[in-house]
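Work through these exercises with the model open beside you. Try each task before reading its solution.

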Amino acid sequence: MASFLHNFLLFFCSLSLLILTSSATKSQTHVPIRPNMLVLKVQKDRATNLHVAQIHKRTPLVQFPFVIDLTGRFLSVNCENQYTSSTYKAPVCHSSQCAKADSHTCRTCSSSKPRPGCHTNACGLLTTNPVTQQSALGELAEDVLKISSTQGSSPGPMVTHPRFLFACAPSNILQKGLPKNVQGVAGLGHSPISLPYQLASHFGFPPKFAVCLTSSRGNNGAVFFGEGPYFMKPGIDVSRQLTYAPLTIGQQGEYYVNVQSIKINNAMLPSIPKGGFGGALISTTTPYTTLQTPIFRALNQLFMNQLRGVPHLKPVAPFGACFDANRIPTSKTGPTVPSIDLVLDNKQNIMWRIFGANAMIQARPGVMCLAFVDGGMRPKAPIVIGTQQLEDNLLQFDLMNSRLGFSSSLFLRGTNCANFNFGTSSTSTDP
């Protein structure tokens, strides 16, 4: 009898241990990864100079290119181009998803058969081409989105947002001015359904993201979501030693910094409006910094005065000040020309310094021009900071604390935005 009880207890304990081990293994297998940082690969388009991110969506999963737009309020997708996904849904009008997207329009579709982008009683969202500014009403939708996690030095396993909200945009507005084959626009603006906010909310990290655009065509820049660190080869954490300035949010969710004055070689730009130039819009869909006409003329004149000993040449449109490139030496920060300082706080001496690689452009063989253009008398903002001036600078948008961190040229630190290690990307995904 004792032997029987002993064997029974031994069997019971072994069975219990087996069940517990199996349950633990199953539980571990199905625990989703909760990353504290994510990363997107971004490339510079040769034809348009716009920057394009590779985003994975749908079921089954497919990778598509999207133009990144700092002023965009959400992800806009061309759903008319054979959008096929078993997990696509169109939230009904007045649903919680519509409220989150700030959609107050009910949209109908004349098609007899529902399809992505065409459902009756769906939420309407106004979608916009950021280059042409053409707009049209689209459909609020949700679908699977997957993105690479990272610890800051290379991509890790891909993680899933199963119900990512976006807008199905009419195909005719996502063509002009955008790179060929792009499937839409990736909005990074200040909005509840922009990429930064949806990803931060779903994965549980603070709403903070960083943009590092490469000037090198064919190489990869990066957009990081999360705190940092952000390592660039050879092992440099570019999230360190940032300068911070207040970040202002526009009515449409766009980002501004207050430019109080502009200096070239420490010489102040004349005719500064009282209170400074006001909000400078930061744009990833404007190729060169655009200035209101009086600012443009004053900047060109002061720059020509400061760049002594270099012959002036006939301007090459759309630029206003051009020079003999053969007379301009180069250094690790690009052409050796006077630096341009955007003064963001005179009292605290906070300046965004623009060196030669960001200030100058090779307009044609032998001709180098100041890479700022005339925006006319009534531009959207007196200063629109374009991608030429953003490339190979790290910009960190801290949306919780309403501040912008910026590095100035990473060339000064012996690296650049093409130096994130995308070569070890993992193909595994969370359950």
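A disulfide is a pair of cysteine sulfur atoms within 2.5 Å. The model is a predicted one.

**Exercise 1. Find the handedness of the disulfide between C109 and C118.**

Solution. 
- Step 1: check the bond. The sulfur atoms of C109 and C118 lie 1.4 Å apart. The cut-off is 2.5 Å, so the pair counts as a disulfide.
- Step 2: read the torsion. About the S-S bond of C109 and C118 it is about -75°.
- Step 3: conclude. The torsion is about -75°, so this disulfide is left-handed.
- Step 4: look at the surroundings. C118 has a relative accessible area of 2% and is buried.

**Exercise 2. Describe the disulfide that joins C212 to C417.**

Solution. 
- Step 1: take the distance. From S to S it is 2.0 Å.
- Step 2: take the torsion. It is about -80° around the S-S bond of C212 and C417, so this disulfide is left-handed.
- Step 3: C212 sits in strand β10 (residues 208–212), and C417 in the segment after β32 (403–409). They are 205 residues apart, and the pair links distant parts of the chain.
- Step 4: check burial. C212 and C417 are both buried.

**Exercise 3. Locate C98 and C123, and decide whether they are buried or exposed.**

Solution. 
- Step 1: confirm the bond. C98 and C123 form a disulfide, with sulfur atoms 1.4 Å apart.
- Step 2: assign the elements. C98 belongs to helix α2 (residues 96–100), while C123 belongs to strand β6 (residues 122–128). The two cysteines are 25 residues apart.
- Step 3: answer the burial part. C98 and C123 are both buried.

**Exercise 4. Give the number of disulfides and the pairing of the bonded cysteines.**

Solution. 
- Step 1: count. There are 6 disulfides.
- Step 2: number the bonded cysteines of the protein chain in sequence order.
- Step 3: write the pairs. They are 1-8, 2-4, 3-7, 5-6, 9-12 and 10-11.

**Exercise 5. Characterise the largest pocket and its lining.**

Solution. 
- Step 1: state the volume. The largest pocket has about 710 Å³.
- Step 2: find the centre. The lining has 27 residues, and T71, P130, Q133, T285 and K380 are the closest to the pocket centre.
- Step 3: sort the lining. It divides into 10 nonpolar, 13 polar and 4 charged residues.
- Step 4: trace the strands. β6 and β9 (184–187) each give at least two lining residues. The largest share, 3 residues, comes from β6. Strand β6 also holds C123 from Exercise 3.

**Exercise 6. Explain why L302 counts as buried, and name what it touches.**

Solution. 
- Step 1: L302 is in helix α4 (residues 293–306).
- Step 2: apply the cut-off. Buried means under 20% relative accessible area. L302 has 11%, so it is buried.
- Step 3: list the contacts. Leaving out residues up to four places away in sequence, L302 touches I264, A267, M268 and L269.
- Step 4: compare sequence and space. L302 and M268 are 34 residues apart along the chain, with C-alpha atoms separated by 8.6 Å.

**Exercise 7. Summarise the protein chain as a whole.**

Solution. 
- Step 1: count the elements. The protein chain has 6 helices and 32 strands.
- Step 2: Of its 431 residues, 55% count as buried.
- Step 3: describe the surface. The protein chain exposes about 19,600 Å², and carbon and sulfur atoms supply 54% of that area.
- Step 4: judge the contacts. Among those between residues at least 6 apart in sequence, 69% join residues at least 24 apart.

Terms used. Residues are numbered from 1 along each chain as its sequence is written. This is a predicted model: local features need pLDDT of at least 70, side-chain atom pairs count only at pLDDT 80 or more; totals for chains, interfaces and linings use all residues. Side-chain values use heavy atoms; hydrogens and water are left out. Helices (H or I, at least four residues) and strands (E, at least two) are DSSP runs, numbered from the N terminus. Buried means under 20% relative accessible area, exposed over 50%, partly exposed in between (1.4 Å probe, protein chains only). Contact means heavy atoms within 4.5 Å. Accessible areas come from the Shrake-Rupley method with a 1.4 Å probe; for residues, only the protein chains shown count as cover. On a 1 Å grid over the protein atoms alone, a cavity is a set of points where a 1.4 Å probe fits but cannot get out, and a pocket is an open set with protein on both sides within 12 Å along at least five of seven lines; lining residues have an atom within 4 Å of a point. Grid points are joined across faces, edges and corners, and a volume is the space filled by probe spheres set on the points. Ala, Val, Leu, Ile, Met, Phe, Trp, Tyr, Cys and Pro count as nonpolar, Asp, Glu, Lys and Arg as charged, and the others, Gly among them, as polar.
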